[in-house]
Amino acid sequence: MKNSFLVLLVTLLVLASASAHAWTGQVVAVTDGDTIKVLQDDRETKVRLYGVDTPEKKQAFGQKARDLTASMVAGKVVDVEPVDLDRYGRTVGIVTVAGRSLNEELLKSGFAWVYRQYCHRGECSAWIMEESQARAARIGLWADPAPLPPWEWRRTKK
């Protein structure tokens, strides 16, 4: 009984500390489908969406991915759950607005790939299913018979 209580207490402390790192701010810019700028306490932070990759702006469906992101978050208050920092110093995180994950909505709408190389958290399995369902329904970029993943498109532009 004592051990169970201790395990429960430690679990609650870990969960509380994990959620304490999330923060709220207003989206002041949408750079592209998977990158936004969020203002918090008079400080602007560039946020790269965790676990997803959308087409680049000059790539097919890039503008549509950006438009979906803008329609969901531009000018709105969002919650940012930081997961990492990328090599450019951007916060990599999960962005939620009105209880909906932007990361997941891009996948459901067919405007993003799960970035399997970097997606290692529990929700990634569910996101892979969302991507598969969008692909099977041929919605968004999946209407294209051979959509080019953005990481491959970027490689051809170097």
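In this predicted model, D86 counts as buried, because its relative accessibility comes to 19% and the cut-off for buried is under 20%. As for where it sits, D86 belongs to the loop between β5 (77–85) and β6. One is the side chain of R90, with a polar contact at 2.5 Å. The other is the backbone of Y88, whose nitrogen lies 2.9 Å from a polar atom of the D86 side chain. Leaving aside residues up to four places away in sequence, D86 touches R48 and V92.

Next comes the turn of the β2–β3 hairpin, which has two residues between its strands. Most residues other than glycine have a negative phi. D41, in this hairpin, instead takes a positive phi near 50 degrees. D42 also has a positive phi, near 65 degrees, again without being a glycine. D42 lies in the loop between β2 and β3, and it is exposed, because its relative accessible area is 78% and the exposed class covers anything over 50%.

A positive phi shows up at F61 too, at about 75 degrees, and here again the residue is not a glycine. F61 is placed in the loop between β4 (52–53) and α2 (62–73). With a relative accessible area of 25%, F61 is partly exposed, because that value falls between the 20% and 50% cut-offs.

What about α2 itself? The helix has twelve residues and covers 17 Å from its first C-alpha to its last, close to the 16 Å expected at 1.5 Å a residue. Its buried residues are G62, A65, L68, T69, M72 and V73. Viewed down the helix axis, these fall within an arc of 130 degrees, so they line one face of α2. The list of elements they pack against takes in both strands and helices: β1 (23–32), β2, β5, β6, β7 (100–101) and α3 (102–108).

Last up is the disulfide, and the structure holds one. It is formed by C119 and C124, with their sulfur atoms 1.9 Å apart. The torsion about the S-S bond is about -90 degrees, which means the disulfide is left-handed. Are its two cysteines buried or exposed? C119 counts as buried, at 9% relative accessibility, and C124 counts as buried at 4%.

Note on methods. Residues numbered from 1 in each chain as written. Predicted model: local features only at pLDDT ≥ 70, side-chain atom pairs only at ≥ 80, totals over all residues. Heavy atoms only, no water. Pairing = 2+ DSSP bridges. Helix = DSSP H or I, 4+ residues; strand = E, 2+ residues; numbered from the N terminus. Buried < 20%, exposed > 50% of the residue type's maximum accessible area, 1.4 Å probe, protein only. Polar contact = N/O pair within 3.5 Å; in protein donor to acceptor, adjacent residues only side chain to side chain. Contact = heavy atoms within 4.5 Å. Disulfide = S-S within 2.5 Å. Expected span 1.5 Å × (residues − 1). Arc of directions from axis to C-beta.
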